[in-house]
Amino acid sequence: MPVVGYLCPESPELFASRLKAFHEGLGEIGFVEGRNVAIDYRWAGGQYARLPALAADLVARNVDVVVAPGGAQVALAAKATSTTKTIVFEMGGDPVQLGVVDSLSRPGGNITGVSSLSVDVSPKRLELMHELLPFAAKLAVVANPTSPTANSQLQKLGSAAETLGISLQVLNASTENEFEPIFSAIAQESSAGLVVTSDPYFAFRSGQLARLAMNYRVPAITQSRDFPDSGGLMSYGGDFAQSHRRAGIYAGRILKGEKPFDLPVQLVTKVELVINLKAAKLLGREISPSLVSGADEVIE
Amino acid sequence: MESVGGRPEQVPLQIWYCKVRNVQWTGSAGMIVRERFRGLFKKYLLVLFLAVTIPLAINGVIEAWFGYRDQRARLDQFLGLQATSAAAEIHDFIYGITNQLGWLVQLPWTDEPDERRRTEALRLFRQAPAIVSLTLIDNKGLERLYVSRIGLNRIEGRTDRSADPAIIGARSTRIWFSDVSYNRGSEPHLTVTVVGNRPSVGAVIAEVNLKLIWDVISAIKVGKTGLAFVLDRPGRLIAHPDISLVLRGSEEATSKPFRTIRDAIGPAGAGFATSQDVDGYAIAAGAAPVQGLDWTVLVEQPLSEAYAPIYAALWRTATLLAVSTMFAALLAYALAHRMTEPIRLLEKGTERIGAGSFDYRISIQTGDEFEHLANSFNKMAEGLALAQQHQERIAKLKRFLAPEVADLVDRAGDDSVLDGRRTEVVVVFCDLRGFTEFSAEVAPEEVISLLSEYYDALGRVITRFAATLISFSGDGLMVLVNAPVPVEEPTLRAVDLASAMQKSVQELIAGWRSRGYRVGFGVGLASGSATVGRIGYENRFDYTAIGPVVNLAARLCASAQDREILLNAEAAEGVRNKRPLEELGDRQIKGFGDAIPVFRMSLKTS
């Protein structure tokens, strides 16, 4: 029975919905865990620093393919460990820019995968927040300094802010403990709204962020739909269900014998806007009809 | 003298009979006959087999050929239909987008910012996921709105786009499509421009991610495992159920095999072609153009699947042919057997008949010429049996009858002439004088040689006069005239017979004398009443005469000198004035009480 090594940056609880999508993808190719494929899991439990060690552990085990979902950090950790073991990644950033693959159509080497447009659309989140708060001169941005995409996102956000004619309050957080100070800082600095950059650490802690945002009455937008689902205001980002499902398909195709260099990197072009009107009401904000009409999902 | 020749119809029978016996006796000839019949079976078998098999095979081949053509035509139709339907779906996908774009170019532009259009554009994003970005151009060719899923929107940018090829291109056709471009070398994109029905409503330019045709193309199934794909005008892959191929569509190596398929078909709609798919498997492919775009939709089906009905039909035909051939072989065997069996029976029958089993009958009940032939053979065998009986009887009769007489007796059909009766006969006895003494002195071979010459000479005379040879012993001989078959003037015939005997034998004696042998020859002849008939046992029969006249003739012979023929009075009376006789007066004859008159006829020395 072939073995899939599954390198996960989070805990099984936080990753459940993604894992489900991954299993669906494997199932499309005809693999069902326990029946004709075994999955060897490694859980980093949110401690991203552990990823290289876990990746090395998986590679040392005789797995047929390493699946590295949940962000550029996971992909890079896996890639750094092995140049022979086939790796299928799932991330939000641009894999070429991050040095994960050589090109989208010909990834090269032993690695390929799926990328959503979450990282690319960070400025779009700023635009949406600006549209919601057209008269706000200053908006807060939170980034994870440990994320490989943090700098590029901040750069794009900076130029977008310039275009929109607003100023940015840049805040950093790389642990859960740093979340609350951010919101108190926003309240102090009188930034009208918060744009959360694309980062898996943030995405997987959408519930926590939503709670804090509502507590501090801060209008916020993140990449993951988990945020509005948990009571947050808005989200704009790639469809993780699709990206994880496609990662599952690619893992299955590799188990069937296809080579990673024959499988171009897939971009999940679907970007979804989810708006929670209940949260807007609680925040006392009116959301324009054009914004609502453009939303893929509206929670009332 | 009556004619005593054999019956004419008996001659051919006899000849045929000899031929048959020859065939049967000659071993090699028999082998040839058998070989020929074995060859005949083979010939019949072959001819009958071919007579059934060749039409079957021709029929099978023709059927297979037409089946193949029909199936190809059906496949052509099927693939053509599939391609057309797939092309229609691709067309619907693209024109679904252009129709929706049409709603954005309904109302004339004003100089005021238009919030409503932005709302509509965002709503369109939700409805058409393939649209990446939208640009609305007003009647002056200025960009009024740009909305994107990824990049920042631009509202009232007012840059002049009137020179944009997308705008220029759409002016004449209302709907304009760019060439396909591959975003970052991977995702195929298409720019679509739609202008309104009047200049004041401006135009809309949409960036469309063609990757999303996947939803349409992957849902198209051609047969069981066939698929459809789309190529643009230069032959690059735009859509395929395997998205990873599409994402490499800009690469020559990826698109080339697909282009090869397109080229194999030639101008779209020219019927299906066989080619190879990416993995090198043989396929059947059809094509159809997408209306309004310079694209080609191709449908392919593995050849094994496409030709499955053809193979099934061919297999069916082959099986049927094989079964029919086997059946034909059995039938041919049975028929050939049925045809050669009577010949074999005839062969066996003729051999048996030839071997002399004339009572053998060939039994063939086929109701045809063979039965007639068998009956003919049987009749012939019957005839042969009769002929043989006749031959045997003749052979027996000839032992004591002249051949002509024997034939005559045989022709009479019964042996009643040989029955015992009392009749007037002339009995002739003859023997050599001094032969007993002579035989004691000479070597036995010489004796037998002389006797052979002697009987040879006598035999010819007896045959000539159609006399009945009764017996011979040593150098003596008894001949009967007028029995069993009566003749005219028996006495005269007997006297002439005796004279001829004397003449023949005397010629011999002359020769012998020159060799130093001193023998003479005398004949006794008596005419009178005697009892004649057949005597003997089992198959050994003789015809004989009993009575004083026989004894008298024997005595007369005994008393005859060399060159003498002695006759009794009755015989002499029979030839009086016809042949020169000399009366010798009465003589005492042994066994006869009184002396009886004896006559002599001497052989003329001349």
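Predicted model: local features only at pLDDT ≥ 70, side-chain atom pairs only at ≥ 80, totals over all residues.
Residues are numbered from 1 along each chain as its sequence is written, chains are lettered from A and ligands numbered from 1 in the order in which they are written, and side-chain values use heavy atoms, with hydrogens and water left out.

**The sheet in chain A**

Chain A has an open sheet of 7 strands with mixed pairing, in the order 7-6-8-9-10-12-13. (Strands are DSSP runs of E, at least two residues, and helices are runs of H or I, at least four, numbered from the N terminus; two strands pair if DSSP finds at least two bridges between them.) Strand 7 (167-172) and strand 13 (297-299) of chain A each have a single partner strand, so one side of each is left without a neighbour in the sheet. From one strand to the next, the twist averages 20 degrees.

Two helices lie across this part of chain A. Helix 4 (residues 122-132) of chain A lies across several strands, including strand 10, to which it runs at about 155 degrees. Contact here means heavy atoms within 4.5 Å, and the angles, from 0 to 180 degrees, are between N-to-C directions of axes fitted to C-alpha atoms, for helices over the stretch in contact.

**Strand 18 in chain B**

Strand 18 (residues 564-568) of chain B has 5 of its 5 residues buried, that is, under 20% relative accessible area with a 1.4 Å probe, protein chains only. Glu564(B), Leu566(B) and Asn568(B) point one way, Ile565(B) and Leu567(B) the other.

Here are some strand pairs from both chains:

| Pair | Sense | Bridges |
|---|---|---|
| Strand 9 and strand 10, chain A | parallel | 2 bridges |
| Strand 16 and strand 18, chain B | parallel | 3 bridges |
| Strand 18 and strand 20, chain B | antiparallel | 5 bridges |

**Where the chains meet**

26 residues of chain B touch 35 residues of chain A. About 2,300 Å² is buried between them, with carbon and sulfur atoms giving 48%; this is accessible area (1.4 Å probe) lost on putting the two parts together, summed over both. Ile150(B), Leu152(B) and Arg184(B) lose the most area in chain B, together 27% of what that side buries.

Definitions and conventions: Buried < 20%, exposed > 50% of the residue type's maximum accessible area, 1.4 Å probe, protein only.
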